[in-house]
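Subject: Structure handover

Hello,

Please find the structure below, followed by notes on what was found in it.

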Amino acid sequence: MVDESLKNYIENNILPLYDHFDAAHQRNHVDMVIEQSVRIVAEADRFIDPDTIILRTVQYGLANYPELDKEGHWQRTLDHLHEEYAEGGYLRLWFENSPNVARLNALREIIKNESLLLEKFDYLYEALTNLHLIGCTCSQCQPTKYRKAYGH
């Protein structure tokens, strides 16, 4: 989202300058350049790393839906990942040769493999809600099991 004051400044002070340029660089030209540059900015804003996406999804849920229990957070995570990242989700990539294409496909494979996704979710949920697990190497926390489940 563009800050409203910045948007107003551009619309009222910058874009009108193009009304007085040559015919090849009128307002319709700058509008097209702005529209085209959004594809680029949106792609640059996306760094699709499957583990990071899953982690941020769980973190967001914990921060914004504290009333949910673990099952509620799992369902919210599952719904969000399907809605945005799964096949048919609303996330769109702008460049077919972007490194994000392969990473999005890897994330989609994890989403399709619900048991693997649940393992990752369980590990993250426990790590984020149980302070004993954070950085712990004791046998009670079974670090080998968690590292394996989370791909470490």
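A search of the whole structure finds four aromatic pairs. Here rings of Phe, Tyr and Trp (its six-membered ring) pair if their centres lie within 6.5 Å; planes under 30 degrees apart are called stacked, over 60 edge-to-face, and the rest tilted. One of the pairs is Tyr-18 with Phe-21: the ring centres are 4.8 Å apart and the planes stand at 65 degrees, so this pair is edge-to-face. Tyr-18 has a relative accessible area of 22%, so Tyr-18 counts as partly exposed; buried means under 20%, exposed over 50%, and partly exposed in between, with a 1.4 Å probe and protein chains only. Phe-21 is also partly exposed, at 41%.

Trp-74 and Phe-121 make a tilted pair, with 5.3 Å from centre to centre and 55 degrees between the planes. This pair links distant parts of the chain, 47 residues apart: Trp-74 is in helix α4 (residues 70-84) and Phe-121 in helix α6 (residues 114-129). Helices are DSSP runs of H or I with at least four residues, numbered from the N terminus. Both Trp-74 and Phe-121 are buried. Together with Tyr-125, they form one aromatic cluster.

Before the rest, two notes on the source. This is a predicted model, in which local features need pLDDT of at least 70 and side-chain atom pairs count only at pLDDT 80 or more, while totals for chains, interfaces and linings use all residues. Residues are numbered from 1 along each chain as its sequence is written, and side-chain values use heavy atoms, with hydrogens and water left out.

Next, the pocket. The largest pocket has a volume of about 370 Å³. A pocket is an open set of points on a 1 Å grid over the protein atoms alone, where a 1.4 Å probe fits and protein lies on both sides within 12 Å along at least five of seven lines; lining residues have an atom within 4 Å of a point. The volume is the space filled by probe spheres set on the points, which are joined across faces, edges and corners.

Of the 15 lining residues, Ile-53, Arg-56, His-80, Glu-84 and Tyr-85 lie nearest the centre of the largest pocket. Helices α3 (50-64) and α4 are the elements that give two or more residues to this lining, and α3 supplies the largest share, four residues. The lining divides into seven nonpolar, two polar and six charged residues.

Regards

Note on methods: Nonpolar A, V, L, I, M, F, W, Y, C, P; charged D, E, K, R; others polar.
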